[in-house]
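The entries follow the order of my look-ups.

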Amino acid sequence: MMLFRKECGKIFCSLTYILYCLLVILMIISQYFIDSGQRLYPPSKGDYDYGEKIVEDHDLIMSTAADALTVEFLSNRYVCYPFGFYKAVHLDNEEQAKIEKYICEITGLDSTGIAEKKKSAEVCYITDGTHDYGEYAIRDMPISESMTYERFTDIMEDVDNILGGGSDYAVDGLVYQFSRVPMTYEDAVDDYNSIFNDDRVTNAYARLFGDYAGIVLAILPVFVAAALTAADRRRRMSELVYSRRSSSLRIVFTRFIALVTTMFIPVFVFMVIALIQILIRYNGSDIDMTAMFTLPTFWLLPNIMAATATGMLVTEILSAGAAILVQFVWWFMGLMAGGTAGLSGRIGKFTFICRHNALGNRNEFLMNWDNFVFNRVFYMVISIAAVLFTVGIYELKRGGSFNGIRLFGKGSIFRRKT
Amino acid sequence: MVSGCLARVVYSDVKHNFLIHYIVALGILLASPIFFSLSQLDCILAAQPLEVYVPLIGIVLMTPVFLPEQNESIYDVVRSKKFNHDIVCIIRLLCSVVIAAVMIGAYVLYMKHCNSQVTVRHFIGSSATAFLLGAIGFAFAGIGRNVIIGYMASVMYYILNFSFGTKLGYFYLFSMMHGSFAEKKWLLTGAFVLSTAVFPLRRVFRDR
């Protein structure tokens, strides 16, 4: 406990932690509190647009995906977003033949049948980058009677692989991509009512809170962790700490727990503020008093733990700069992948930054609830494993058999030995 | 005599301290085809990698200028030398700026070779974004006397651009993606002001 208090004291006084707090405050206020600024009111009848909903209809998915694939096949231009950024893929003849074979299998048509569809379709010429291409407006591709949804998903998986990933045909995104239908007024009322009846208000706001806070909490903790881990070496205190009687397990784990605890404090304060805001705004409604703490904690703690563990491990092995680089790459890829997934509940088994940028759409979030639980637990376990590995590295350093991989100074890997 | 001394400083710094940063910056650029399509892009699409991705090399190259002397005891030894430490840092900064400009130039030429509609404006715009991100890191690392603070500041400014977007006004990093080039002169000005203000501010904060 004494060691824990000392580590917490060191963290509270560090400039990186003060900056961390300021940035968390800035991001949560500017994103969550501005976005959730007004009380929700029921949808009014006669509005032009009530948004979209996912119906998970296999026939609809197969039909719209077959149309989309045929359109892209005929132009030989497949739009992909492998890491959230636009990439137009053009296939060679062999790969095009494979795609054609799959379209034939899905639709029950042959090459001539596809050619006839192309002939009868309206063409509109579109400029894509510096390239003009013709897009065929095909909306009525048939689906073979022998085609099952299981076989269809196998084909889609193969198509996505041929395209190099990140396409609309990725199996885990088919439902989100191809079975969206416009919401009716009744659907919008149901969605509104579910915020009050099923979510009891706070669950909906907790999801939005987790969504916004998760973005910064997947990167910021690495700076504080790397700074604290590197501080011993920087202040030439490493040898003094190594000579203490405390075990490496105790030192490293206490430091990890202190980092996670201190970095969770500003987040917890905002949870309290968010709950008070909801209580004032929805005075008289049935409000779940615990949801604003349980869901965001389960959502955000793995992000803090993973970024902290990465910071500690990579700093012990390499350097603080390398830890920041590793975490930045992970964060960047996670953020971009989350953006491509549509920001609304599409959470995979290994999604690092979980997104659900809406108060409503409860069903979309619950569709992936199992994935959400799996991935949050997975990142907690991985973080603890990384800290255990850090303990091993720390122990080796204490024993003098490993001194980290130095990039600068004496013994660096870039310094020529004489 | 002086030029020989400067050459030795540059050679020694590149060899012992900065080679790794140059390699990382080069690695970032070489990895870009994993994320982006670089061929047959019009001027708006071409701005995407040039504003969102390529400027990250500015953080990698410019932030660690003060890193070799971050340790106080090394800094004290360096300060005792005849050659002014600030001049060494300015030389390092200029080297980083030149390397960043050369790398971005080569990247733009490669995109041109891939039939993308890139112009000198893209080169200047991407460089300006890289210089501002780098200058933020350089300034915070210098004033905070800790390179991690520099990385933290520049990465956070980068994130803010995703969250706040055009609300950042003249200092919005990704303006070329929206067809505007006017912000770039402000980015260059900001980068210059930050880079030059660091040295007196470092002294002020050290004396306090």
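Predicted model: local features only at pLDDT ≥ 70, side-chain atom pairs only at ≥ 80, totals over all residues.

Entry 1. Is H7(B) mostly covered or mostly exposed, and how many of its residues are buried? I found H7(B) mostly covered, with 20 of its 25 residues buried.

Entry 2. I then checked the length of H7(B), which runs over residues 120-144 of chain B. After the helix comes Arg145(B), for which I noted a positive phi, near 55°.

Entry 3. I next looked at how H7(B) is placed against H3(B), residues 43-53. Their axes come within 8 Å and cross at roughly 30°. I recorded the crossing as right-handed.

Entry 4. I listed the residues that meet there. H3(B) brings Ala46(B), Ala47(B), Leu50(B) and Glu51(B), and H7(B) brings His122(B), Gly125(B), Ser126(B) and Thr129(B). By class, I counted three nonpolar, four polar and one charged in this contact.

Entry 5. Finally, I turned to the other chain. I found 31 residues of chain B in contact with 31 residues of chain A. On the chain B side, the elements giving two or more residues are H1 (2-30), H3 and H8 (147-164). H8(B) gives the most, with nine residues. I classed the residues of this side as 17 nonpolar, 13 polar and one charged.

Conventions
Residues numbered from 1 in each chain as written. Chains lettered and ligands numbered in written order. Axes fitted to C-alpha atoms, helices over the stretch in contact; angles between N-to-C directions. Helix = DSSP H or I, 4+ residues; strand = E, 2+ residues; numbered from the N terminus. Left-handed = near helix turned anticlockwise from the far one by under 90°. Contact = placed C-beta atoms within 7 Å. Nonpolar A, V, L, I, M, F, W, Y, C, P; charged D, E, K, R; others polar. Buried ≥ 20, exposed ≤ 12 C-beta atoms within 10 Å, placed from the backbone.
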